[in-house]
Amino acid sequence: MNIYSIVDQLFVSNLLGTDALSAVSIAWPLLSITLAVGVMISAGGCALVSNQMGAGDNEKARENFSFFTLFSAVVSAVFCVAGIIFREPILYAMGADDALYPLCEAYAIPIFMLIPFGMVSMVLQMFFVAAGKPGLGFRLSIAGGVTNMVLDYALIAVIPLGIAGAAYASAAGYILQSVIAVVFFFTNRKGTLYFARPKFNGKALIKACSNGMSEMVGMLAVTVTMIAMNVILMRLVGSDGVAAAAVILSAQTILSAGYGGYIYGISPVVSYHYGAANYDELRKLYRVALKTIAVMSVITFILAFPAAKSIARLFANGSASVTEMAVRGMFIFAAAFLLMGFNLFASGFFTALNDGKTSAILSLFRTLIFLMIPLLILPGLLGVDGVWLSMPAAEVLSILLSVYYFRHFKGKYHYA
């Protein structure tokens with residue numbers, strides 16, 4: 001998902017200009033908002049299913065897995081139709097003005113159409129790990145990303161579909177992943193996890209949704225914050241500020257993508273060992289994870305400074321004002337990398353332990369409350385620099401809460 005967003009922005013900015021980049025930055029959160037439900041079901045449902053597999057109840061695990069996938073497909077179809085019908089008021093609320101609206105609409109319509117494929121793809125990617133096939137999930141991600149990149153160029157530079165071409169390219173990547181994943185889980189009967197006859201299970205759905213609530217809250221909060229940031233920057237410096245924010249957030253995605261991949265990868269393993277009461281393995285996983293994230297944090301912090309100008313030039317399409325603003329913003333933002341991984345891990349770890357309440361609290365405070373407070377205060381004092389400074393300020397506040405919950409629950413869950 002991160003690859004698709006970055007590639008779209010890269011091709012759009014270089015082939016269509018920074019106004020088109022601003023339009024993508026405004027419209028892309030629409031997909032994030034709708035796929036937040038997919039994140040909730042995939043993270044919470046996978047934790048529940050992995051726990052059931054660890055306890056030896058494979059038949060129930062398959063039934064719930066099939067039900068969660070079908071439920072995701074139905075919900076995503078509703079989002080698709082509603083988004084297309086109400087696109088105009090939605091896009092204006094997201095920060096579009098009259099000048100940018102035509103570009104935003106051209107990109108948003110195909111984005112809404114790909115929602116069902118995107119949500120099913122997201123749900124099944126998580127379950128590939130639970131099924132013991134993380135390699136296949138990874139290869140599908142690469143195949144979808146390559147398809148997206150090739151079609152981005154073909155549908156913008158060769159076939160001049162403009163900004164809509166970038167959205168169609170993303171749709172093709174998601175369609176490829178979702179179709180192959182569905183076929184795999186229908187036909188592969190040798191493993192433990194595959195599609196069975198789904199049975200409606202309201203209790204399991206509530207458990208999955210409550211457990212994965214933190215991931216949904218986190219994704220929604222990030223999206224809401226991104227919308228607020230776009231609105232603030234449009235007011236302070238116009239579309240160049242929105243373009244600079246898109247560059248900085250793309251840099252953040254590039255440099256911190258490993259955190260998300262590692263946490264999503266380790267979560268089903270944590271859930272399995274917790275369900276099987278293998279507390280020695282759980283303690284090893286916890287220690288290894290903290291050490292791994294510490295190393296990743298230092299590496300991403302160091303890389304942020306030499307990479308800032310290169311990434312800005314890559315996306316800014318020769319705009320000196322956008323490049324300068326983005327580089328300065330990345331220098332300020334870099335401090336967030338030292339703590340970001342630990343805060344992401346804290347939320348993901350408690351989701352894996354089926355403690356959705358704690359995970360949701362951590363995610364909500366980090367991505368909304370601790371970020372929106374400085375975002376609403378600092379720009380009034382420091383201007384545009386206050387927008388960039390809000391991000392590391394939120395991570396500092398969040399690490400205090402993460403440490404508190406790690407210490408508070410170590411006896412209950414036996415991970416430390």
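Q: In this predicted model, what is the handedness of the crossing in which H11 passes H12?
A: H11 passes H12 in a right-handed crossing. The model is a predicted one.

Q: What makes H11 roughly antiparallel to H12?
A: Helix H11 (residues 239-275) and helix H12 (residues 279-316) pack at an angle of about 170°, with their axes 7 Å apart. Angles over 145 degrees count as roughly antiparallel, and H11 is therefore roughly antiparallel to H12.

Q: Why is Ala-277 called partly exposed?
A: The relative accessible area of Ala-277 is 43%. Buried means under 20% and exposed means over 50%, with partly exposed in between, so Ala-277 is partly exposed.

Q: Where is His-414 found, and what is its phi?
A: His-414 is found in the segment after helix H17 (410-413). Its phi is positive, about 60°, although His-414 is not a glycine. At 31% relative accessibility, His-414 counts as partly exposed.

Q: Why is the contact between Lys-60 and Glu-63 called a salt bridge?
A: The closest N and O atoms of Lys-60 and Glu-63 are 3.7 Å apart. A salt bridge requires a side-chain nitrogen of Lys or Arg within 4 Å of a carboxyl oxygen of Asp or Glu, and Lys-60 therefore forms a salt bridge with Glu-63.

Q: Where do Lys-60 and Glu-63 lie?
A: Both residues lie in helix H3 (residues 58-85), 3 residues apart, about one turn of the helix. In an α-helix there are 3.6 residues a turn, so residues three or four places apart point the same way.

Q: How do you know whether Lys-60 and Glu-63 are buried or partly exposed?
A: Lys-60 has 32% relative accessibility and counts as partly exposed. Glu-63 has 11% relative accessibility, and because buried means under 20%, Glu-63 counts as buried.

Q: What makes the pair Arg-328 and Asp-385 a salt bridge?
A: The side chains of Arg-328 and Asp-385 meet at 2.7 Å, N to O. The cut-off is within 4 Å, and the pair is therefore a salt bridge. Arg-328 lies in helix H13 (residues 320-333) and Asp-385 in helix H16 (residues 384-408), so the pair ties together parts that are 57 residues apart in sequence.

Q: Why do Arg-328 and Asp-385 count as partly exposed?
A: Arg-328 has 48% relative accessibility and counts as partly exposed. Asp-385 has a relative accessible area of 21% and is also partly exposed.

Q: What distance separates the closest N and O atoms of Glu-395 and Arg-366?
A: The closest N and O atoms are 2.8 Å apart, and Glu-395 forms a salt bridge with Arg-366. The pair links distant parts of the chain, with Glu-395 in helix H16 and Arg-366 in helix H15 (residues 356-382), 29 residues apart.

Q: Why are Glu-395 and Arg-366 called buried?
A: Glu-395 has a relative accessible area of 5% and is buried. Arg-366 has 13% relative accessibility and counts as buried. Buried means under 20%.

Q: How many residues of H14 are buried?
A: In H14, 12 of the 16 residues are buried, so the helix is largely enclosed by the rest of the structure. Among them are Phe-337, Met-340 and Phe-345. Helix H14 (residues 337-352) reaches 23 Å from its first C-alpha to its last, close to the 22 Å expected.

Q: Where is the kink in H2 centred?
A: The kink, of about 35°, is centred on Leu-35. Helix H2 (residues 18-54) reaches 50 Å from its first C-alpha to its last, close to the 54 Å expected at 1.5 Å a residue. H2 is mostly covered, with 34 of its 37 residues buried.

Note on methods: Residues are numbered from 1 along each chain as its sequence is written. This is a predicted model: local features need pLDDT of at least 70, side-chain atom pairs count only at pLDDT 80 or more; totals for chains, interfaces and linings use all residues. Side-chain values use heavy atoms; hydrogens and water are left out. Helices (H or I, at least four residues) and strands (E, at least two) are DSSP runs, numbered from the N terminus. Buried means under 20% relative accessible area, exposed over 50%, partly exposed in between (1.4 Å probe, protein chains only). The expected span of a helix is 1.5 Å times one less than its number of residues. The bend at a residue is the angle between axes fitted to the seven residues ending there and the seven starting there. Axes are lines fitted to C-alpha atoms, for helices over the stretch in contact, and angles run from 0 to 180 degrees between N-to-C directions. Angles under 35 degrees count as roughly parallel, over 145 as roughly antiparallel, 65 to 115 as roughly perpendicular and the rest as oblique. A crossing is left-handed if the near helix is turned anticlockwise from the far one by less than a right angle, and right-handed if clockwise.
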